[in-house]
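Visitor: I am new to this structure and would like a close look at one part of it. Could you take me slowly through a single residue and then through the elements around it?

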Amino acid sequence: MLRGIPDCISPDLLKILHEMGHGDTLVIGDANFPAAAVAEAKGHRNIRCDGQSAPELLDAILSLFPLDDFVEKPVIIMDKMEMHKDLECPVWEQFQDIVAKHDPRGGDCVDFLGRFAFYEAAKNAYAVVSTTEHAFYACIIIQKGCL
């Protein structure tokens, strides 16, 4: 057992977070995100976090590592497709509140990327975390900074 490690951070995820270096990115995908395929595209790891929500994991992860302050937007949320333009995405507000809790830039360091461009960016991530989050468009990429 370790102190200060949130319960939702599995040993495998903790290892990944520790291995990541400055500038590496991590994807947190919702239940619909093709995590295994995206991770396998370039031989990266897919860490399953079944039973966990995307906001819960984001909060836990950001309690352990800082966001990159060498880039303007170290947080990228998957944007809605045109056909879903009227769909409510309250999870986005949760993401932004969590980022603001851990980074003084708050929502200013968050950007949005269309679905297919997000998939391409995700293929370059150090690892992909699978959640069982059911909210739509609850996928996010975070870029690790320096301690």
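**Asp 103 and its surroundings**

Guide: Leaving aside residues up to four places away in sequence, Asp 103 touches Leu 67 and Cys 109, where contact means heavy atoms within 4.5 Å. The model is a predicted one, in which local features need pLDDT of at least 70 and side-chain atom pairs count only at pLDDT 80 or more, while totals for chains, interfaces and linings use all residues. Residues are numbered from 1 along each chain as its sequence is written, and side-chain values use heavy atoms, with hydrogens and water left out.

Asp 103 sits in the loop between helix H4 (90-102) and strand S4 (110-113); helices (H or I, at least four residues) and strands (E, at least two) are DSSP runs, numbered from the N terminus. Asp 103 counts as buried because its relative accessibility is 8%, buried meaning under 20% relative accessible area, exposed over 50% and partly exposed in between, with a 1.4 Å probe and protein chains only. Its side chain also reaches the backbone nitrogen of Arg 105 at 2.9 Å. Such a polar contact is a pair of N or O atoms within 3.5 Å; within protein, one must be able to donate a hydrogen and the other to accept it, and residues adjacent in sequence count only if both atoms are side-chain atoms.

A search of the whole structure finds four aromatic pairs, a pair being rings of Phe, Tyr and Trp (its six-membered ring) whose centres lie within 6.5 Å, with planes under 30 degrees apart counted as stacked, over 60 as edge-to-face and the rest as tilted. In one of them, Trp 92 and Phe 112 have ring centres 4.7 Å apart and planes at 55°, so this pair is tilted. It links distant parts of the chain, with Trp 92 in helix H4 and Phe 112 in strand S4, 20 residues apart. Trp 92 is buried, at a relative accessible area of 13%, whereas Phe 112 is partly exposed, at 29%.
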